[in-house]
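Let's take a friendly walk through a protein model together.

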Amino acid sequence: MEEERHTEAKIGAETGRGSSPRGPGCSLRHFACEQNLLSRPDGSASFLQGVAEKNRERLIRNTCEAVVLGTLHPRTSITVVLQVVSDAGSLLACCLNAACMALVDAGVPMRALFCGVTCALDSDGTLVLDPTSKREKEARAVLTFALDNVERKLLMSSTKGLFSDAELQQCLAAAQAASQHVFRFYRESLQRRYSKS
Amino acid sequence: MSKVRWRNRRAGEERRRRRRAGGKMAAGFKTVEPLEYYRRFLKENCRPDGRELGEFRTTTVNIGSISTADGSALVKLGNTTVICGVKAEFAAPPTDAPDKGYVVPNVDLPPLCSSRFRSGPPGEEAQVASQFIADVIENSQIIQKEDLCISPGKLAWVLYCDLICLDYDGNILDACTFALLAALKNVQLPEVTINGETALAEVNLKKKSYLNIRTHPVATSFAVFDDTLLIVDPTGEEEHLATGTLTIVMDEEGKLCCLHKPGGSGLTGAKLQDCMSRAVTRHKEVKKLMDEVIKSIKPK
């Protein structure tokens with residue numbers, strides 16, 4: 001009998017909290033993940049409408065392709081199905097995190113783990129990590145990065161709005177710092193899962 | 001035939017045969033191991049077409065070639081050729097922004113430009129390019145949409161920007177951005193007045209004015225090889241062999257409108273900085289070229 005241990009499943013749910021203390025100087029909201037959700041690791045159909053979804057899919061696909069060791073599984077198709085339960089901002093980053101965890105859960109060999117972090121820049125230049133939808137709409141620029149856990153290199157970047165080079169470096173540094181928390185969370189949740197079975 | 005002439009003819013044939021065989025060897029190696037062939041050049045810090053790693057192909061631009069369009073430009077980046085035509089039409093402004101007009105870009109990659117594209121609905125690459133151009137227009141505020149409004153809530157201009165690729169040899173995004181910028185600089189809109197009595201729009205084709213272009217976004221594309229090397233302005237073959245791509249769109253104040261990196265190998269912050277500085281120099285080159293071309297057009 002497999003004991004199903006879930007860490008709190010709140011992918012993208014509204015928490016009502018502005019910032020959650022994950023560490024000094026980091027203002028990511030509360031996040032959690034549920035593993036072994038589907039009995040079959042492979043997904044099936046995908047419903048997509050509009051160019052925004054197609055664009056997001058392409059970004060996630062290219063990030064996964066860069067990380068997954070496809071040469072170990074020739075003539076194989078790996079389908080990742082992402083279902084948005086609720087969108088409270090930073091959707092692309094959340095999708096990236098979910099995709100990475102799903103690939104780990106499926107046992108797909110990867111050369112590194114990756115995580116998504118979103119930064120929003122206000123009109124006066126304040127940097128906000130993991131913004132809510134309202135903040136994203138009001139922000140001057142919204143930047144989403146995908147970083148790997150080996151050397152914190154930039155795997156994927158998707159930006160909206162106008163920003164300067166210095167602001168980009170600032171956001172990248174903040175995202176790299178925040179990614180540490182996300183990777184620590186990955187490690188903790190995986191340890192918790194595998195220590196029980 | 002005399003013995004001497006026969007010997008010379010045989011020697012000439014021998015030389016030609018050896019030269020052909022050497023060329024065939026390189027071509028054979030290139031077909032069988034394209035990545036290895038390419039790495040040999042990269043080791044010497046150059047590329048098969050003789051360029052340096054940070055060198056762009058020859059850029060040529062031709063403005064105003066399509067007389068039936070309100071603005072047009074043809075850009076050639078090496079072999080890659082993109083033509084942009086802008087048509088202005090009337091439309092009702094959007095209900096949530098009654099004082100704004102529209103700019104609608106569309107990138108078309110027809111089968112004419114490369115054998116990889118089929119006829120039919122736009123493929124993924126064309127959709128990606130169209131979305132990219134739409135993002136650049138939106139983020140860089142190249143045109144203030146309020147300038148396109150004629151009568152708030154009733155009438156506004158809509159600029160249909162059609163970008164068609166005539167020859168695909170890599171780096172389509174840079175060429176499209178440049179073509180769009182050049183075409184928009186060439187657009188002349190006639191003066192429109194709303195007749196108070198009939199409430200109809202009257203177009204005065206004799207009085208035309210240029211658009212107010214506020215910023216000049218210029219795109220610089222890079223390809224990543226083997227997770228380490230960055231080369232600028234990849235050709236079609238280089239794009240195929242690359243492990244990742246990066247496109248930076250910068251305006252004249254050094255502000256970034258778009259940092260487009262759709263997956264692929266990772267980049268460190270230091271490498272990004274190198275790309276930024278290359279993008280700044282590229283912006284200066286393109287701006288200089290644009291100014292020369294604009295100056296050379298005879299005013300109508």
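## A predicted model with an annotated domain

In chain B, an unreviewed UniProt entry places the annotation "domain: Exoribonuclease phosphorolytic" on residues 55-190 and 217-280. UniProt positions are given in the numbering used here, feature names are shortened, and annotations may be inferred rather than shown by experiment. This is a predicted model, in which local features need pLDDT of at least 70 and side-chain atom pairs count only at pLDDT 80 or more, while totals for chains, interfaces and linings use all residues. Residues are numbered from 1 along each chain as its sequence is written, chains are lettered from A and ligands numbered from 1 in the order in which they are written, and side-chain values use heavy atoms, with hydrogens and water left out.

The span 55-190 of chain B is 24% helix and 37% strand, with its end C-alpha atoms 41 Å apart. For residues 217-280 of chain B, the end C-alpha atoms are 11 Å apart, and the chain there is 28% helix and 39% strand. Helices (H or I, at least four residues) and strands (E, at least two) are DSSP runs, numbered from the N terminus.

## Chain A and one of its helices

Chain A has 4 helices and 5 strands, in the order α-α-β-β-α-β-β-β-α along the sequence. Of its 197 residues, 42% are buried. Buried means under 20% relative accessible area, exposed over 50%, and partly exposed in between (1.4 Å probe, protein chains only).

How far apart are the end C-alpha atoms of helix α2 (residues 91-106) of chain A? They are 22 Å apart, which agrees with the 22 Å that its 16 residues should span at 1.5 Å a residue. The expected span is 1.5 Å times one less than the number of residues. Among the buried residues of α2(A) are Leu92(A), Cys95(A), Leu96(A), Ala99(A), Cys100(A) and Leu103(A). An α-helix has 3.6 residues a turn, so residues three or four places apart point the same way. After α2(A) comes Gly107(A), with a positive phi near 80°.

In soluble globular proteins, nonpolar side chains tend to be buried together. A nonpolar core here is a set of buried Ala, Val, Leu, Ile, Met, Phe, Trp, Tyr and Cys residues joined through side-chain atoms within 4.5 Å. The largest one has 57 residues, and Phe145(A) and Ile248(B) have the most contacts inside it. Helix α4 (residues 165-196) of chain A gives the largest share of this core, 10 residues. A second, separate core of 52 residues includes Cys113(B), Phe117(B), Cys165(B) and Met290(B).

Contact means heavy atoms within 4.5 Å. Leaving aside neighbours within four places in sequence, the contacts of Ile248(B) include Val218(B), Phe222(B), Leu256(B) and Met276(B).

## Empty space

Rolling a probe the size of a water molecule over the atoms shows where empty space is left. On a 1 Å grid over the protein atoms alone, a cavity is a set of points where a 1.4 Å probe fits but cannot get out; a pocket is an open set with protein on both sides within 12 Å along at least five of seven lines; lining residues have an atom within 4 Å of a point. Points are joined across faces, edges and corners, and a volume is the space filled by probe spheres set on them.

The second largest pocket has a volume of about 1100 Å³. Of the 40 residues that line this pocket, Asn62(A), Thr243(B), Gly244(B), Thr245(B) and Pro262(B) lie nearest its centre. The largest share of its lining, 6 residues, comes from α1(A).

How many cavities of 30 Å³ or more does a search of the whole structure find? The search finds 1, and the largest cavity holds about 60 Å³ of space. Its lining includes Leu77(B), Asp174(B), Phe178(B) and Arg282(B), and α4(B) gives the most, with 3 residues.

| Residue | Relative accessible area | State |
|---|---|---|
| Cys149(B) | 18% | buried |
| Gln141(B) | 34% | partly exposed |
| Asp233(B) | 0% | buried |

Cys149(B) sits in strand β5 (residues 149-151) of chain B. Its C-alpha atom is separated by 5.3 Å from that of Gly101(B), 48 residues apart along the chain. Gln141(B) is not a glycine, yet has a positive phi of about 55°; this residue is in the loop between α3 and β5 of chain B. Asp233(B), also not a glycine, has a positive phi of about 55° and lies in the loop between β10 (229-232) and α5 of chain B.
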